[in-house]
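Please keep the structure open while reading.

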Amino acid sequence: MIRADEHHLRNGTLKAHSDQKQQGSNSLKNGFHVAGKVQKNANGDSFHQPRVRGEDSFEEAPMYVAVLTYMGYGIVILFGYFRDFLRAVGLEKCHQAQEREEQKDFVPLYQDFENFYKRNLYMRVRDNWNRPICSLPGPVFDVMERVSDDYNWTFRLTGKTIENVINMGSYNYLGFAENNVDFLKTVAEETRQYGVGVCSTRQELGNLSIHENLEQLVAEFLGVESAMAFGMGFATNSMNIPALVGKGCLILSDELNHTSLILGARLSGATIRVFKHNNMQSLEKLLKEAICSGQPRTHRGWKKILIMVEGIYSMEGSLVRLPEILALKKKYKAYLYLDEAHSIGAVGPTGRGVTEHFGVDPNEVDVLMGTFTKSFGAAGGYIAGKKELVDYLRSHSHSAMYATAMSPPVVEQIIRAIKCIMGVDGTTEGQRRVRQLSENTRYLRSRLKEMGFIVYGNQDSPVVPLLLYLPGKVGEFSRAMLKRKIGVVVVGFPATPIAEARARFCVSAAHTREMLDKVLQNLDELGDHIRVKFSRRRPSHRQELYNETDFERDS
Amino acid sequence: MALGDAWKQLSWFYYQYLLVTALYMLEPWERTIFNSLLVTVAAMAIYTGYVFMPQHIMAILHYFEVVQ
């Protein structure tokens, strides 16, 4: 840190000779870590100051929006009860599963709120999800047209395809979901050599040399000692957390953690306590309580305290407060599990995730987890950290021991994607994509805010949730955007709080400026037509012109 | 042309009403039921107002001693 400040003072003046020598050995060209050479200082070289984290915005909607949302849900729920009554009486045929006649006196299976919601609210707008796609999910794709004759209980495909729909929903952050023959040459070669199926687990006969290469490459990419790759991202979380913590341990998990983290925490049998989203005071309070009172009845100390957070939260687009969490972790001697599913490859000046974004040494985080599904265009997940940790996981994790090893073409796709981002393959394509992604993100977010939409999250996150709130508008938004040949993902109740339904855009490096402009223009028109521009803070379009009379005062 | 514009504007208002009350998600016969209920209740309210408004206004003016 001190080094960076000194450098600041010397801007524009001749550097002392001794300083220049230090400068040479410390500078990193591309964060290209050779195993063993661990960077002591903050990861930023003199050109990358540790970034100040922009503020997350979670603007609240005006009161009338909340009232109308609840009113809308109330009306649909009333009609839901009415329809259920008609079905129970027999005036209407029940399309959904029902108990058999003999079991009508048993404990009811389909009466809880989830099934009620599914029958009466979800079914009505079900055509907005699970749309069949018939091309690769690049920046544009083809959607098959389907219609329903009985209000979404059954669908049939008409046979036509809607072509060149702009894809704003796929997690294709760096654009690696491509079928360009030149880029995929190595993948084809590896398939020719290894085949597609591995037919064994890693522990038995499935440990191919390509897997070893992948793990070493991932460790180099992240700047840590060692890494291990698994076949499925969800399974990486849910199967490895039980191997790391057990009974007698404490897990402090963020309110909005992903289901895989929650499942892994529950499977492990540890005590789970939840702190408010990104709220450091809440986390510190829990830590203090945990250390002071210990385990619930015996008051013995906790065996381990594990803080589980994500790099980017996929429904809000907010970034984790990494420096503060690291400070807390050191003060209270806890461990940190960082799930970088959405942020690896997508944030940071060279795409190495939130650790690089904040200028933090990745070795300070105890367990780095991520997935290859989003930014690398493949499938699977990894866990990285110290060598002892990863070696322990190799023999104690369920996923490592019992799950089939990753398929060779997928592994090669990840290898080529990582090599592209690191620049090892000799081109600047990877860096160009990382820069293009951050430009696209900033452009989209700033334009959406200018237009007056409520957008959640941090300005650097490529996940852009646009709030819609009202249930009627959610369905209409998705259908209208598809009519204008833009494919969006809308999310409603179980995944988000009931009053905050949203449309979630995933920016990609493969989107060109024209595509984004087309999307923005359509959003503008549609936003006015439907009226979803709820934001009350409107920044001005143009920067204020420099007032010349103040010139003398400033200089 | 004014009639055409007025019709477009009215139909946009109806569309907004459908979206905001979530009637947009319901089937046409359900919308008919809800609209009839709404119109019935509104008609009853207006009729009651029409019948009782003179008496209420006289009572208020009498209270404030504006009229004997």
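A polar contact is a pair of N or O atoms within 3.5 Å; within protein, one atom must be able to donate a hydrogen and the other to accept it, and residues adjacent in sequence count only if both atoms are side-chain atoms. The model is predicted: local features need pLDDT of at least 70, side-chain atom pairs count only at pLDDT 80 or more, and totals for chains, interfaces and linings use all residues. Residues are numbered from 1 along each chain as its sequence is written, chains are lettered from A and ligands numbered from 1 in the order written, and side-chain values use heavy atoms, without hydrogens or water.

**Between the chains**

The side chains of E27(B) and R83(A) form a polar contact of 3.1 Å. E27(B) lies in the loop between α1 and α2 of chain B. Helices (H or I, at least four residues) and strands (E, at least two) are DSSP runs, numbered from the N terminus. E27(B) has a relative accessible area of 10% and is buried. Buried means under 20% relative accessible area, exposed over 50%, and partly exposed in between (1.4 Å probe, protein chains only). Leaving out residues up to four places away in sequence, E27(B) touches R83(A), R124(A) and Y151(A). Contact here means heavy atoms within 4.5 Å.

**Helix pairs**

Two pairs are listed below. Axes are lines fitted to C-alpha atoms, for helices over the stretch in contact, and angles run from 0 to 180 degrees between N-to-C directions.

| Helix pair | Axis separation | Angle |
|---|---|---|
| α3 (63–89) and α4 (113–122) of chain A | within 9 Å | roughly 100 degrees |
| α1 (2–20) and α2 (28–63) of chain B | 13 Å | about 100 degrees |

That angle makes α1(B) roughly perpendicular to α2(B). α3(A) and α4(A) are likewise roughly perpendicular to each other. Angles under 35 degrees count as roughly parallel, over 145 as roughly antiparallel, 65 to 115 as roughly perpendicular and the rest as oblique.

R83(A) is among the α3(A) residues that meet α4(A), where the partners are F116(A), R119(A), N120(A) and L121(A). In chain B, Y14(B), Y17(B) and L18(B) of α1(B) meet R31(B), F34(B), N35(B) and L38(B) of α2(B).

Chain A has 18 helices and 13 strands. Of its 555 residues, 51% are buried.

**Helix α10**

Which residues of α10(A) are buried? In this helix (residues 322–332), they are L322(A), I325(A), L326(A), L328(A), K329(A) and Y332(A). They lie on the same side of α10(A), because they cover an arc of only 165 degrees around the axis. The arc is that of the directions from the helix axis to the C-beta atoms. K330(A) and K331(A), on the other side, are exposed. The buried residues pack against α9, β6, β7 and α11 of chain A. K333(A) follows α10(A) and has a positive phi, near 55 degrees.

**S238(A)**

S238(A) sits in helix α7 (residues 233–244) of chain A. It counts as buried, at 2% relative accessibility. Its side chain reaches the backbone oxygen of F234(A) at 3.0 Å.

**A three-stranded sheet**

Strands β10-β13-β12 of chain A, in that order, form an open sheet with antiparallel pairing. β10 (463–469) and β12 (489–491) stand at the edges with a single partner strand each, so one side of each has no neighbour in the sheet. The twist averages 30 degrees from one strand to the next. Two strands pair if DSSP finds at least two bridges between them. β10(A) and β13(A) pair over six bridges. Y469(A) has A501(A) as its bridge partner in β13(A).
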